[in-house]
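Please read the following report alongside the sequence and the model.

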Amino acid sequence: MSVRRLHPEQPESFAFTEENAAYLQKVIARYPEGRQASAVIPALMVAQSQEGWISRPAIETVAKLLDMPDIRVLEVATFYTQFQLSPVGRKAHIQVCGTTPCRLRGAEEIISICKNRLAAHPFELSADGDFSWEEVECSGACVNAPVVTVGQDTYEDLTAETFNALIDGLTSGNPPAPGPQNGRFFSAPQGGDTALTDGSLYDGSVVGKYRAFDREELAPPSAAPTPAAPPPVAAAKPADEKPVPKAVEAQGQADGEKVPDQHKPELLDAAREDKADDLKLIYGVGPKLEELLHKLGVYHFDQIAGWSEMNLRWIDQHLGSFRGRAFRDKWIEQSSKLATGWRPSNKDGDKPV
Ligand code: FES
């Protein structure tokens, strides 16, 4: 942070023009009685736009106008680098952004031109007194680097050629339009759009489509971790010998050691009262897995909540390419919570366990 002091040579006096004084009265009226000091920055900005820089008499005039001690206004003027504390060029004071993105995109060359065409050092007046320049920190338009600011305008996407043209324009009183100097529209891609060009992204036709994604389709089945083998259960209660659908049984047998049917949990022919629970509320269960569970005879959270680990193993071996999900996603614990009536507020981010 640089030391900011008032210029050693100061004018005798300062007075707002009639027009600026009238404008400032309106600004001051925006604040409650006794809070006129809140207008200190606008008042200093008006003083700077009138004279080009902030002098000691200007600070004293603002302090008097706002009923503030001089030192309070001086503190503001010396704190904010937007206020120039020494005389600047009559036609323009050029602020060159010298922060990394602008440096990488040619700010060095812009600064060289300032040194060669305007003045050797920052804040120094050009020989004719028309120009001065300084290097500033990020001007907030990095995507259009390199950037210079003149008054309230920014000139962006500069090259040596376009920056020289800007100086020529300011000299002749006919500067180019502010903004990108390479023809692009604001910060839109140069040469046209290259991404997100699918019109259907904007016509509303895909809104909410992501919900159609089936979780189990997001990752290949092979990505599912191999479940740790649960400890053997000494005395599992035999369940009803309900036949397993042929296709499902074939899948289970192909997956390795078969869990005996004595560990088959109680399964249903149909949902109780013809109303199945929404098993997709179990994190990790999508429409396909729910359909498979229905085929097996699983329709309700309380069914799963009542399973033993061996029951879960029996079911798991009939889940085909989804094997491992039941253990990984803790179906018994999830279903125990869902069976109490708990529901996720957001299915994608609010898991039962
Ligand atoms: S770095 Fe220059 S505008 Fe941000």
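Two strands are taken to pair if DSSP finds at least two bridges between them, and helices (H or I, at least four residues) and strands (E, at least two) are DSSP runs numbered from the N terminus. This is a predicted model, in which local features need pLDDT of at least 70 and side-chain atom pairs count only at pLDDT 80 or more, while totals for chains, interfaces and linings use all residues. Residues are numbered from 1 along each chain as its sequence is written, and side-chain values use heavy atoms, with hydrogens and water left out.

**Confidence**

The pLDDT, which is the predictor's confidence in each residue from 0 to 100, has a mean of 85 for the protein, and 83% of the residues reach 70 or more. Over residues 223-255 the pLDDT is below 50, although this stretch has 51 contacts in the model beyond near neighbours in sequence, a contact being heavy atoms within 4.5 Å. Where pLDDT is low, the predicted coordinates should not be read in detail.

Five strands form an open sheet in the order 2-1-3-4-5, with mixed pairing. Strand 2 (131-136) and strand 5 (179-180) are at the edges and have a single partner strand each, so one side of each is left without a neighbour in the sheet. Strand 4 (residues 153-156) runs parallel to strand 5 and is joined to it by two bridges, with E156 standing opposite P180. Helix 6 (residues 107-118) packs on the sheet, where it touches strand 1 (92-97), strand 2 and strand 3 (148-150), and its direction makes about 155° with that of strand 2; axes are lines fitted to C-alpha atoms, for helices over the stretch in contact, and angles run from 0 to 180 degrees between N-to-C directions. Strand 3 and strand 4 run antiparallel and are joined by three bridges, and V148 has Y155 as its bridge partner in strand 4. These two strands form a hairpin with two residues between them, and G151 in the turn has a positive phi of about 60°.

In helix 10 (residues 287-296), L289, E290, L292, L293 and L296 are buried, where buried means under 20% relative accessible area, exposed over 50%, and partly exposed in between (1.4 Å probe, protein chains only). Viewed down the helix axis, these buried residues fall within an arc of 160°, so they line one face of helix 10; the arc is that of the directions from the helix axis to the C-beta atoms.

A nonpolar core is a set of buried Ala, Val, Leu, Ile, Met, Phe, Trp, Tyr and Cys residues joined through side-chain atoms within 4.5 Å. The largest has 25 residues, and those with the most contacts inside it are I282, L293, V298, I315, L319 and W331. Leaving aside neighbours within four places in sequence, the contacts of W331 include I282, L289, L293, L312 and R325. S335, which is found in helix 14, is buried with a relative accessible area of 0%.

A cis peptide bond, with omega of about -5°, joins A145 and P146, and P146 is in the loop between strand 2 and strand 3.

F123 lies in the loop between helix 6 and strand 2, whereas F186 is in the loop between strand 5 and helix 8 (215-218).
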